[in-house]
Amino acid sequence: MPKQGYIIIRGIVQGVGFRPFVYARAIAHSIHGSVWNTGSEVRINAWGDNFDDFIEDLKRGTPLSIIDSIEIHPLSGSPPDSFSILKSHDGIRTGLIPPDIATCPECVHDIFTQGGRYEGYFATSCVNCGPRYSIIKTLPYDRERTAMDIFPPCLECSDEYSDPSCRRHHAQTIACELCGPVLMLHTGDRQVINVSNPIQRTAELLEQGNIVAIRGIGGFHIACIGESSKELKNRLGRTEQPFAIMARKEWIKKETMISHEEEEMLQSEISPIVILDKKNSRAHDHISSLHTLGCMVPYTGLHHLLFSHLKAPYLIMTSANAPGYPMITTLNDAFVKLTGIVDYYLTHTRDIVNRCDDSVIRNGYIIRLSRGFAPKRTKIFLGEKAILGTGPELNSTVTLYTHGFCITSPHIGNVRNPGTYGYLKETIACLRDLMQPDISIIAHDLHPQFLSTRYAKELSEVTDAVLIPVQHHQAHIAATCQEECIGIAIDGVGYGSDGTIWGGEIFEGSAPEYNRVGHLMPVLMPGGDLATTWPERMLYGILPDEKTKELLLTRTWTEKDLLILEKQVSRRFNTAITTSTGRVLDAAAALLGICRKKTYDGEPAMKLESAAFGSSPDTWEIPLTRIGEAQVLDTQSLLKKARDLYLQNPFDTSAIKQIAASFQYNLARGIATIACNAGASAGINTIALSGGVAYNEMIRKTIGDVAQQNGYTLIVNHDMPLGDGCISFGQCVFAGKKDKL
Ligand SMILES: [Zn+2]
Ligand SMILES: [Zn+2]
């Protein structure tokens with residue numbers, strides 16, 4: 001009995017080889033009709049005896065597709081003679097294209113197949129791999145709406161494109177040496193180097209110790225061999241910051257403690273930077289002075305070819321932008337910003353429409369949500385109205401909610417300079433263009449002076465959207481757990497509802513109603529941001545007494561400097577009050593002489609964690625007190641205890657490691673104890689944990705252990721960053737729930 005139907009498929013069904021998949025299944029089941037893209041959807045007219053089997057097959061989708069729904073509607077008329085793929089139409093946007101996808105094993109095989117059409121071609125891709133988000137201008141996903149539109153396919157590429165038996169059937173990024181993007185090598189003074197194989201030449205230049213800017217999928221990297229790392233650090237003026245490396249998998253396995261899951265993640269279609277514990281924590285100090293190493297494997301054709309010419313086991317590969325700034329995407333921008341830093345530029349002629357930095361993951365938790373992960377789509381129903389979350393200030397992302405899904409952008413950076421502010425606006429424009437929502441609500445940070453807050457206000461005037469401010473740490477918890485819970489938000493700094501700076505918070509409730517039932521002891525932060533850069537200021541802010549002064553005098557502090565600091569604290573001049581967990585860890589790092597100046601984000605706390613690595617902590621008494629209704633962990637007492645121990649043996653490295661471990665451990669126990677107490681009195685048995693400090697393995701595990709021992713379930717989000725990359729998502733959740741009240 002012939003059956004027929006008009007089928008609508010929603011989800012991530014464009015840019016994942018869905019139309020050719022539908023075509024192949026239709027032919028296999030003798031189905032007549034057609035398939036086409038509309039907006040973000042795939043639509044099919046189908047006639048045939050095997051209609052039901054055809055539908056069953058469609059439900060399986062392609063490896064990279066995500067099907068939200070398959071609807072079947074009545075279809076009239078008579079079937080055409082065959083099945084065909086039709087031109088796309090504009091239409092409703094409920095789904096999305098996938099993030100950029102690492103070059104698949106088949107394409108890598110093609111690149112290294114002698115005499116093959118793709119031999120040695122750096123931009124080889126197929127329906128299962130290649131750039132997507134970074135090249136798309138708008139939906140539906142077709143070549144003419146991507147950065148590939150300026151490369152008309154040659155005859156052979158056209159043949160493969162229209163061949164249903166080919167892996168590149170309807171692959172929008174199909175390209176070869178003859179018709180696709182080309183590579184170019186430039187000297188440091190911008191002259192083109194004519195060379196038949198720019199990648200091979202780049203490998204030689206790298207081996208000779210040169211530093212080369214390499215244009216990738218979502219922006220420029222700076223690459224060099226390990227021996228040149230010191231030179232690179234000097235040129236960048238970043239002598240302490242760990243670099244990420246790109247290495248062969250065998251080398252990574254030899255040098256790090258990589259788990260099976262981490263190995264899979266490393267070489268997945270996401271191919272992020274995976275932060276791994278070194279086998280020997282002191283090894284590769286010139287790349288990272290921490291006990292960890294950020295590793296990735298080659299993930300584009302260009303990388304695979306480069307490594308095939310390279311004898312070195314790994315390359316340092318760091319994003320070419322200054323930390324917190326947007327990725328450099330154009331050659332001109334690279335010329336301007338990297339003069340004096342790189343010796344050569346290896347670039348290609350495919351435009352980067354949307355920037356995308358490398359994603360970073362540690363212990364299964366996302367540190368930087370970017371290439372391969374983002375745009376990240378989360379199924380969550382927050383009502384009928386479209387919501388925009390403009391994010392915090394640092395490590396920002398933005399999130400757009402529409403039609404039952406949150407779409408979170410790639411990592412934007414620190415939105416406190418014109419460049420990153422511009423990138424924030426560009427990213428919002430891109431998401432609005434892809435999804436075309438009618439934004440009714442704009443959620444933003446409580447901080448009145450953030451640029452992301454300012455933009456929320458500007459945009460609300462244009463769109464008539466309602467503004468909903470969301471407290472930073474409540475956004476962390478809303479991003480982690482949508483049910484009633486005890487929420488622990490431990491991070492750097494965020495604007496609190498009482499106008500002070502929060503960062504070690506325990507809440508009870510669910511979005512949008514949270515009670516602040518606990519926090520760290522409010523302490524002084526002399527000099528505001530200066531105390532972040534110079535953590536010894538923080539140490540004095542927490543312990544402003546003679547013993548701290550004596551200690552600081554044994555270091556580089558002068559009597560005069562100390563007098564100024566003392567006055568600043570006693571008069572509370574330019575001295576903020578904070579409950580930040582990050583700042584307390586900074587103070588401990590400063591006390592122990594582990595980090596006296598912060599040169600990159602999170603440095604003191606990360607170095608404290610590294611120093612503590614491998615030491616087993618002592619159990620200290622947990623000093624709890626109360627301020628109003630809230631239970632408070634007395635961090636001053638904890639730090640005093642650490643100081644007393646330190647002053648007994650200030651030059652004993654193993655004693656210092658022990659104190660570092662004990663301090664972290666007991667801080668975590670204290671925070672977890674407050675959360676458990678709050679859970680007991682509220683009758684709640686779920687604890688949600690978020691915030692940048694939760695990346696600290698000992699702190700996260702200790703909180704988990706205490707929670708478990710007391711019968712609580714601990715929720716930590718594996719799908720969103722624990723740091724501020726989750727804030728925009730949390731803002732949307734909070735605002736959506738608030739609007740429904
Ligand atoms: Zn492929
Ligand atoms: Zn071609």
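**Notebook: zinc sites and aromatic contacts**

I took as donors N, O and S atoms within 2.8 Å of the metal (3.2 Å for Na, K and Ca); water is not among the atoms, so sites may look incomplete. The model is predicted: local features need pLDDT of at least 70 and side-chain atom pairs pLDDT 80 or more, while totals for chains, interfaces and linings use all residues. Residues are numbered from 1 along each chain as its sequence is written, chains are lettered from A and ligands numbered from 1 in the order written, and side-chain values use heavy atoms, without hydrogens and water.

Next I turned to the zinc ion (ligand 1). Its protein donors are Cys104 (SG), Cys107 (SG), Cys126 (SG) and Cys129 (SG), at 2.3 Å. The arrangement is tetrahedral because the four donor atoms subtend angles of 102 to 119°. I read the donor spacing along the chain as C-x2-C-x18-C-x2-C. Cys107 lies in helix H3 (residues 105-111) and Cys129 in the loop between H3 and helix H4 (155-161), so this pair ties together parts 22 residues apart in sequence. Helices here are DSSP runs (H or I, at least four residues), numbered from the N terminus. I found both Cys107 and Cys129 buried.

I moved on to the aromatic rings. The structure holds nine aromatic pairs (rings of Phe, Tyr and Trp, the last by its six-membered ring, with centres within 6.5 Å; planes under 30 degrees apart are stacked, over 60 edge-to-face, the rest tilted). Phe18 and Phe21 form an edge-to-face pair, because their centres are 5.4 Å apart and their planes at 70°. Phe18 is buried at a relative accessible area of 1%, and Phe21 is buried at 13%. Trp502 and Phe507 make a tilted pair, 6.2 Å centre to centre with 40° between planes. Ring pairs link Trp502, Phe507 and Tyr514 into a cluster.

Last, I looked for charges over rings (NZ of Lys or CZ of Arg within 6 Å of the ring centre and within 35 degrees of the ring normal). Arg355 lies over the face of Tyr423, 4.8 Å from the ring centre, and Arg377 over that of Phe405, at 3.8 Å.

Notes
Tetrahedral: all angles 85-135°; square planar, octahedral: opposite > 155°, others 65-115°. Helix = DSSP H or I, 4+ residues; strand = E, 2+ residues; numbered from the N terminus. Buried < 20%, exposed > 50% of the residue type's maximum accessible area, 1.4 Å probe, protein only.
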